[in-house]
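User: I am new to this structure and would like to go through it step by step. Please take me through the contact between its chains.
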Amino acid sequence: MTVKIKHRIAGALAFIIGAIAMHFFLCYAVDAIQATTLKARSKAQFRQYKGNIKHLVMGDSHMARGIDPRVLGDSFNYATLGEPYSDTYNKLKSILGSKSKKPEIVFLPLDLHSFSSMRAGRKKNKKTAGFEKFLKDAFPYAGKEEIVLEYFSGGRDVKSELVLGFIPGEGDFSALTPEERDKAAKDRAAGHFKPPKVPFEPEFAEYLGKIIELCAKNDIKPVLVKMPVTGLYIEHSSEWFSIEDYEKDVDKILSAHPRAVILDYRNAFSERYDLFKDSDHLNTKGAEELTLMIKKDLQGLN
Amino acid sequence: MIFNSIEFLIFFPIVVALYFLTPHRLRWMPLLMASYYFYMSWEPLYGLLLAGSTIITFLSSTLMARAKSLKSKRAFLAAGLILNLGLLAFFKYFNFFNDALRAASGLAGFDYKVDSLKILLPVGISFYIFKTASYVIDVYKGRMEPERHLGIYAVYVSFFPALLAGPIDRASHLIPAIREKHPLDYDRIMDGLKLMLWGFFKKLVIADRLAVYVNSAYNFPADAEGLTLLIASYFYAFEIYCDFSGYSDIAIGAAKVMGFRLTENFRRPYYARSVSDFWSRWHMSLSGWFRDYVYIPLGGNRVAKGRLYLNFMIVFLLSGLWHGAAWTFVFWGAIHGAYLVIGDITSGIRTRAWQGLGFHKHSGFERVWKAFITFNLVTFAWIFFRASSFNDAFAVIGKIFSGFSVTKKALLGPWSGPEFIFALCAIALLELVHILERHGKMGHLLSDKPLWIRWPLYYAILFGTLIFGVFGESEFIYFQF
């Protein structure tokens, strides 16, 4: 073997060793960055929580910001932003499977956008789906640009406070002008329901049914909460679909699950903009008021 | 099989190993088997079409060479071209022309009864049919002797790196390369792998990222904001460039690993100073094909002006049609033809105006200005290329040119602020590479730099592609042609 070939082999090996080192460094770095995300922090808080969990709040941002476990008592808010019913089901199944924490009541959202196809995620290209899975298994940092960019730009995930999983919502929707409020609600509704999105994705109805059945099997009471939203949001949502027809579809699903309790607060604060941080998310004050209402209604149920 | 797949990651090293382990005279065999396996992994029946095109053109060229009279030669040429191009016409254009005939018959009041067929468009057909057609014509013109070895000819047609989306290499260039002995060369292999890596970066980090923004605007243009559509149009110009040139880089790099030098397909096209200059830089293998087999036989530029302009329009209408069986593609081609015609007509006026304004003394400004204008003309034409229909295209144009409001939402589209800035940084990086490549290809520019410069760059591109790549989104745009 000539000296040149030996140098080449040594160089190639050194490059590969460097690449392997980079790989492990990136795995560690992305893990550390991911740990700062709301989802990871919520999971960590849940795991570390030693108290009694009589009430477990699950679902999406409406729940994560809207129900304060400190007010409810013996509670943990395990909702995460943008979580569809499919993820909630898998999460609850995993919690019950571990047998470490079994709540008596699980709170779930039943909102206008809960079945929207905006939650469905992008349709996977069949030809490249396998490649994508392989890459993400072999290289945990593959395709993680959103988390990395969010971290380095000091985005929402990094800055948000988390208390027993609850995300206190800062902001006062009433501080905006009427025109600004109207535009914000219009944009928000469009984001949820503008075509090609459809308001009712059957996949999510199926998962809601599965969650309720899972609760029944484990002797847990499922409480479906129609979370408060502003009247503006409802008005602009109705521009995209018939809310009446939507409610009929939801009733049809729930008629198969009479065990589920429904608490309807959708119009409870429709003009109380001071309780909202935006057109459809409560702020801390709003969460406190809603949670007190829920606590009172739960006592009535019991 | 596509490049961004696990199958290709396994397939490629095996093929390269087999290629170099096989004795030189038999290397065409593993290449041929690998190429057919590569193609038939999409759909086994495609292999029949590929073999069909190969055999038709091989036979017609062989018979042409043996023919004693010019009349016989022409007959074999015609047979070879008609049968070969007939495959393309049937699979790609039957429904298009059938629908056009139906529409025309409807307008004329006739009852047109021929139904559309459910035909699957074989991927890459436009590319290999043009390869084989160029071979037949070159043999007829005496530019090359017909290849006597069917296996080697079949490798030329089916050569897997370039099978699905080019470059459209000439037989006179690639067939001798197939016969050549390619030794195992470390530097060449590394250059090939680096080029493949850069191609993956362009495709996965830039093209597929920009596609998210472009698709959100162009899929429903009536609902999109004017500013979003304007930005999406510019982004599409970069998306299609990175997608297609990324593919070409991967193809050229893969071929280089095995010792083959494929035709360069892109040469900084958005730095072109005129539309005709653009076409000498964009998809060069295709524009070269149209130049040699359509434009020059029509008389090229050695004809009267009227005929010259007609030649421009014919070439670009055909080019548009080659890109897709839809009237928007034909119109896109017509726009480019019109650009050339108008450019030629106004050439004198523009030069005099330029000199009159004194700008001819500032060659740097002239270069930038002309490139800027050309880029915008090309981007405008891309609107028709990308839009799903004329209605959509005119909706896009209407919204862009009828005035729009500048809001954060309209600017960012479906992205967050950091995502938008990242996309701009990725485009800036691309253009930095282009600027540096004025002094030579990046691979060569880097090769004499010290290790502490080269290796961090390679790691940055490799891991940058993994972290920032948008995976699982799309195949290459030019596969649809």
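User: How many residues does the contact take from chain A and from chain B?

Analyst: This is a predicted model, in which local features need pLDDT of at least 70 and side-chain atom pairs count only at pLDDT 80 or more, while totals for chains, interfaces and linings use all residues. Residues are numbered from 1 along each chain as its sequence is written, chains are lettered from A in the order in which they are written, and side-chain values use heavy atoms, with hydrogens and water left out. With contact taken as heavy atoms within 4.5 Å, the numbers are 32 residues from chain A and 28 residues from chain B.

User: What area is buried between chain A and chain B?

Analyst: The size of an interface is often given as the accessible area lost when the parts come together. Here that loss is taken with a 1.4 Å probe and summed over both parts. Carbon and sulfur atoms give 72% of the buried area, which is about 2,900 Å².

User: Which residue of chain A meets R209(B) in a salt bridge?

Analyst: A salt bridge here is a side-chain nitrogen of Lys or Arg within 4 Å of a carboxyl oxygen of Asp or Glu, and the rule finds two across the interface of chain A and chain B. In one of them, at 3.6 Å from N to O, the partner of R209(B) is E145(A).

User: Which element gives the most to the side of chain A that touches chain B?

Analyst: Helices are DSSP runs (H or I, at least four residues), numbered from the N terminus. The elements of chain A that give two or more residues to this side are α1 (3-34), α6 (126-138) and α7 (145-152). With ten residues, the element that gives the most is α1(A).

Terms used: Buried area is the accessible area (1.4 Å probe) that two parts lose on being put together, summed over both.
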